[in-house]
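Trainee: Could we go through this model together, one question at a time? I would like to see how each answer is reached.

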Amino acid sequence: SFRKVAGEDMEIDAFELRDILNAVFKKEFSFDGFGVDTCRSMVAMHDGDLSGKLGFDEFKILWTDLRKWKGVFKKFDTDGSGKLSSYELRSALHASGFKLSNKTFSTLVMRYSNKSGEIEFSDFMLCAIKLKTMLASFKDYTMRGQQGIAAFDVDSFIATTMYS
């Protein structure tokens, strides 16, 4: 249970999150498991108080996202290979609510695909996490009345992009 893993402070860090998620998702997917860096990004996505940890409510929101993206991955992995082609990735991201330009999509394929140009489960999850986090950050910094324009000073930009 969350309480058992979280301990006295009732929050979990990236290392505890990794252990929880790998225990669950390795039963469903044949993969090496989530690394601590991916779990740090998961924590950052829902770490509203910038504590570096997730409380139970923050964890529940993350869990909902992960289950949704897991379902999308399974749906679009039509051959059951445990990998998405770039064509399947585009459909999966679109079904997840991410509408991307061709340029941005090509960048994601370069960043998250393996040598064969396929995207594995853990990389798909990290890609979705990063997209959600970056879009939320952009929205937070969008200038009033200026649709599609965000104003970052260099410090805010670095903090936003590094903690994602």
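Mentor: Gladly, and let us settle some terms before we start: Ala, Val, Leu, Ile, Met, Phe, Trp, Tyr, Cys and Pro count as nonpolar, Asp, Glu, Lys and Arg as charged, and the others, Gly among them, as polar. Keep in mind that this is a predicted model.

Trainee: How do the residues of the lining of the largest pocket divide into nonpolar, polar and charged?
Mentor: The largest pocket has a volume of about 430 Å³, and 15 residues line it. Those closest to its centre are Ala44, Met45, Thr133, Ser137 and Asp140. Sorted by the classes above, the lining has 7 nonpolar, 5 polar and 3 charged residues.

Trainee: Which helix gives the most to the lining of the largest pocket?
Mentor: Helix 3 (36–46), helix 7 and helix 8 (154–162) each supply at least two residues of that lining. The one that gives the most, with 5 residues, is helix 7.

Trainee: Which residues is Thr38 in contact with, leaving aside its neighbours within four places in sequence?
Mentor: Thr38 lies in helix 3, and its relative accessible area of 11% is under the 20% cut-off, so Thr38 is buried. Its C-alpha atom is separated by 8.4 Å from that of Ala14, a residue 24 places away along the chain. Beyond its sequence neighbours, the contacts of Thr38 are Leu126 and Ile129.

Trainee: Where do the buried residues of helix 6 fall, seen down its axis?
Mentor: The buried residues of helix 6 (residues 102–112) are Phe105, Leu108, Val109 and Tyr112. An α-helix has 3.6 residues a turn, so residues three or four places apart point the same way. On the other side of helix 6, Lys103, Met110 and Arg111 are exposed. The buried residues line one face of the helix, because they fall within an arc of 100°.

Trainee: Is the pair of Phe25 and Phe34 stacked or edge-to-face?
Mentor: A pair of aromatic rings is described by the distance of the centres and the angle of the planes. The count comes to 12 aromatic pairs. For Phe25 and Phe34 the centres are 5.7 Å apart and the planes are at 85°, which is over 60, so the pair is edge-to-face.

Trainee: How many residues apart in sequence are the parts that the pair of Phe73 and Phe121 ties together?
Mentor: Both Phe73 and Phe121 are buried, and their rings are edge-to-face, at 5.3 Å centre to centre with 75° between the planes. These two also belong to one aromatic cluster, which includes Phe59, Trp63 and Phe124. Phe73 lies in helix 4 (residues 56–76) and Phe121 in helix 7, so the parts tied together are apart in sequence by 48 residues.

Trainee: What is phi of Met10 near?
Mentor: Met10 is found in the loop between helix 1 (2–6) and strand 1 (11–12), and at 27% relative accessibility it counts as partly exposed. Most residues other than glycine have a negative phi. Met10 has a positive value, near 55°.

How values were computed
Residues numbered from 1 in each chain as written. Predicted model: local features only at pLDDT ≥ 70, side-chain atom pairs only at ≥ 80, totals over all residues. Heavy atoms only, no water. Buried < 20%, exposed > 50% of the residue type's maximum accessible area, 1.4 Å probe, protein only. Helix = DSSP H or I, 4+ residues; strand = E, 2+ residues; numbered from the N terminus. Arc of directions from axis to C-beta. 1 Å grid on protein atoms, 1.4 Å probe; cavity = no way out; pocket = protein on both sides within 12 Å on 5 of 7 lines; lining within 4 Å. Points joined across faces, edges and corners; volume = space filled by probe spheres on them. Contact = heavy atoms within 4.5 Å. Phe/Tyr/Trp six-rings, centres within 6.5 Å; stacked < 30°, edge-to-face > 60°.
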